[in-house]
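Biologist: Please put the model up, and I will ask about it piece by piece.

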Amino acid sequence: MAETDNDDLISIIEEEDKEEDIPDNMPLMPVRDVVIFTDMLLPLFVGREKSVRAVEEAVARDSYIFLATQKDTTLEDPKPEQIYGVGTVGRVLRMLKLPDGRLKALVQGISKARIDTYTRKRSWYRVKVELIPEFSPEEADMETEALMRNVREHSEKILALRGELTGEVGAILESIDDPGKLADLVGSNLKLKIEEAQMLLEIVDPAERLKKVNDLLSREMELSAMQAKIQSDVRDEISKSQRDYYLREQVRAIHRELGEYDDKIQEIEEFGKKIKKAKMPREVDGEAKKQLKRLEGMHPDSAESSIVRTYLEWLVELPWNKSTKDMLDIKKAKAVLDKHHYGLDRIKDRILEYLSVRKLNPDMKGPILCFVGPPGVGKTSLGRAISTAMKRKFVRISLGGVRDEAEIRGHRRTYIGALPGRIIQGVKGCGVNNPVFMMDEIDKLVSDFRGDPSSALLEALDPEQNVAFSDHYLNLPFDLSKVMFILTANLTDTIPSALYDRMEVIHLSGYTEEEKKIIAETHLLPRQIKENGLKPKNIAISPGAMYQMITEYTSEAGLRNLEREIGTLCRKVARKIAEGDKGPYTITKNNISKYLGVAQYIPEMDQEESQVGLATGLAWTQVGGEVLYVEASLIGGKGDLIITGQLGEVMQESARAAVSYARKNLADFGIEESLFENVDIHIHVPAGAIPKDGPSAGVAMAAALISALTGRPIDQYVAMTGEITLRGRILPIGGLKEKALGAVRGGIKTVIIPHKNRKDLSEIPMNVKRKLRFVSVRNMDEVLDLTLKEAEAESAP
């Protein structure tokens with residue numbers, strides 16, 4: 001890198017003309033931040049590798065080097081086209097190697113020259129130059145003499161205004177009779193831009209160059225006079241603490257006198273208009289004006305002004321008073337909801353109820369709903385449908401894995417790069433203060449040393465508090481009461497109780513096979529046909545094939561895998577059409593395997609016949625209800641209990657309770673009490689690699705154990721759910737709808753439920769009730785009567 005050292009910069013004018021024998025081929029060193037004139041003597045710090053080699057090459061030969069200014073000062077390795085073609089032939093008078101590898105070279109300008117060709121471009125530049133001769137008249141005419149005198153006088157006045165005029169400088173100016181040398185001397189000491197200095201260097205005619213210098217001196221004279229006036233006007237107000245203010249006043253006065261508009265003043269005025277237009281609350285408006293006044297007193301380039309400017313931009317861009325108008329036509333809203341989603345009547349009714357109350361009471365606060373259900377049942381898409389039905393803006397954020405409280409409530413402005421939290425960011429992004437705001441995966445928040453995001457959500461999701469939600473970055477209240485918050489979760493166990501209490505929880509249990517079939521035909525298939533570039537006439541799926549795809553190729557509570565399988569069919573058909581086959585293609589039960597391969601699931605029961613010690617239970621999982629098998633076996637031993645299958649503590653306690661109930665009632669089953677002294681009881685729940693826990697497997701464990709003890713098989717078409725006490729009472733359970741759907745998928749015909757769960761049967765769809773027989777029981781004796789068959793002869797103990 002080549003840079004000038006301003007402290008060492010000097011100009012020496014040699015009075016004696018010397019004839020120089022200058023070669024026409026020499027190394028080139030690009031310089032930046034300075035244009036070198038003839039007779040200039042200045043030190044250069046050389047750091048770039050090419051420049052260092054060029055200087056060393058010049059010193060090794062005849063000390064001549066061509067100095068040309070690069071057009072872009074930021075470039076580290078300028079190309080030939082990025083270097084000015086006119087420069088100065090210089091001579092290296094002295095060179096010093098510095099400890100950091102750089103060079104310090106003392107260079108004197110000798111003659112102007114123009115680059116003819118580049119003879120070397122690798123490692124360093126070498127150029128062939130053409131000297132630019134300068135012819136000065138032996139005697140200057142009257143106009144030139146007047147110009148020279150004017151230049152001397154202006155130079156002395158400027159130096160006097162700056163307080164830099166000395167007798168030695170005046171003597172040097174008077175001693176120069178050559179107009180070209182005078183122009184170069186004065187021009188090299190003016191604070192010119194690189195473009196102006198280069199233009200001055202390229203003027204060959206000395207008289208023309210002197211005229212240009214005179215024009216530049218006139219401008220500099222006016223600026224120096226104005227600077228002196230400004231210094232005189234503000235001198236009385238200057239103190240050490242007012243230094244920054246004084247400099248700003250200088251710049252402002254210069255702009256005012258030159259008639260130029262100050263960008264900072266324009267920015268302040270624009271912020272003032274935006275603050276007025278935003279119609280902020282009184283407290284916010286006062287803070288915005290206070291920060292604007294602070295910004296007005298700051299230097300535009302200071303770090304703090306950037307912070308205040310960003311803060312003001314957030315304040316004026318937030319929708320403090322902007323809202324969308326709700327569509328309060330209940331019938332139209334219902335039609336929109338029915339168009340996007342089949343079923344889900346409870347959720348649709350809740351939205352329509354909200355709109356109805358909103359129609360009667362426009363000041364009603366927004367509800368806070370939480371959709372809980374397995375993946376793929378349409379929780380997120382339902383949020384979009386609600387925003388469409390209400391004609392509101394839709395905002396969605398995912399909270400899965402969020403562990404920093406600042407993600408919710410923002411960072412304080414004292415931190416570098418601080419921003420508001422994701423709630424305020426979402427509201428600003430949509431541009432209104434009443435969007436439908438969906439927060440996905442609320443059950444997957446994480447807490448660590450950076451804070452608890454779920455606690456930060458308490459204020460935002462509390463209807464009594466979110467009217468004045470305070471973000472750490474804004475540090476001002478923002479009204480979130482008009483926002484309709486919709487949260488989604490797969491389960492509620494991991495949601496903190498304080499947060500759970502603030503939400504209206506609506507469960508989405510999953511879909512029956514009939515519902516899946518209708519949704520696939522009306523929503524999924526048309527969407528996949530469109531996404532795969534097909535037309536409805538290209539593909540048709542028979543009802544039988546659709547049902548087979550639901551039962552044999554998917555096994556889920558939602559619809560994601562079903563849509564993937566439909567997408568696979570559409571892609572197969574799209575490929576055939578792209579290869580030239582016209583179609584149309586009809587997918588039936590007979591040919592579906594050609595498109596999707598072998599069926600992955602068998603809808604019939606996994607157990608082919610009723611067996612001793614094998615009971616069918618029902619489990620609730622994050623992906624819906626499932627059939628759960630419980631196996632019990634008696635093996636030789638000393639009365640120990642062996643539990644396998646990765647059971648949690650709750651299920652292990654259920655197993656112990658079942659064993660205790662069986663041992664207490666051995667006489668009722670016709671079994672000797674001494675039996676347990678010689679056998680171990682092994683209870684296993686497949687599959688062993690999957691962790692399992694929950695409070696509803698006690699009945700199935702007790703039934704499997706008593707079946708093993710009595711040798712009586714359990715009906716394979718009967719599934720049971722419920723918790724057992726030591727006295728044999730059956731306790732109620734949760735998730736009955738999900739378990740019922742799982743029983744249908746598993747081929748079950750009869751489901752035994754606790755008597756206190758009879759009330760939950762009203763939530764089960766009618767088509768499920770038609771496929772299942774629900775039997776409510778109060779104690780274990782009723783369960784055994786319903787499940788145990790008579791023992792076969794070879795199975796008797």
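Biologist: How many of the eight residues of strand β18 are buried?

Modeller: This is a predicted model, and every answer here rests on it. Strand β18 covers residues 614-621 and is mostly covered. Of its eight residues, the number buried is six.

Biologist: In which sense do β18 and strand β22 pair?

Modeller: Strand β22 takes in residues 718-720. Two bridges link β18 and β22, and G617 stands opposite M720 of β22. The sense of the pairing is parallel.

Biologist: Is P27 buried or exposed?

Modeller: P27 belongs to strand β3, residues 25-31. Its relative accessible area is 1%. The cut-off for buried is under 20%, so with 1% P27 counts as buried.

Biologist: Which residues is P27 in contact with, leaving aside its neighbours within four places in sequence?

Modeller: One of the residues in contact with P27 is A58. The two are 31 residues apart along the chain, and their C-alpha atoms are separated by 6.3 Å.

Biologist: What is the relative accessible area of T144, and which residues does T144 touch beyond four places in sequence?

Modeller: T144 sits in helix α2, which runs over residues 142-162. T144 is buried, with a relative accessible area of 11%. Not counting residues up to four places away in sequence, T144 touches P179, A207 and L210.

Biologist: Why is the protein chain said to be more spread out than a compact globule?

Modeller: The protein chain has 26 helices and 26 strands. For 797 residues the globule rule gives 28 Å, and the radius of gyration is well over that, so the chain is more spread out than a compact globule. The C-alpha trace spans about 140 × 65 × 65 Å along its principal axes. The radius of gyration itself is 44 Å.

Biologist: What share of the contacts with a separation of 6 or more joins residues 24 or more positions apart?

Modeller: Buried residues make up 48% of the 797 residues in the protein chain. Among contacts with a separation of 6 or more, the share from residues 24 or more positions apart is 74%.

Biologist: How far apart are the mean positions of the positive and negative charges?

Modeller: The accessible surface of the protein chain comes to about 40800 Å², with 48% of it belonging to carbon and sulfur atoms. The chain carries 114 positive and 127 negative charges. Their mean positions are apart by 8 Å.

Notes
Residues numbered from 1 in each chain as written. Predicted model: local features only at pLDDT ≥ 70, side-chain atom pairs only at ≥ 80, totals over all residues. Heavy atoms only, no water. Buried < 20%, exposed > 50% of the residue type's maximum accessible area, 1.4 Å probe, protein only. Helix = DSSP H or I, 4+ residues; strand = E, 2+ residues; numbered from the N terminus. Pairing = 2+ DSSP bridges. Contact = heavy atoms within 4.5 Å. Rg over C-alpha atoms; globule rule 2.2 N^0.38 Å. Areas by Shrake-Rupley, 256 points an atom, 1.4 Å probe, with all protein chains shown as cover. Lys, Arg positive; Asp, Glu negative; His and termini not counted. Charge placed at Lys NZ, Arg CZ, Asp CG, Glu CD.
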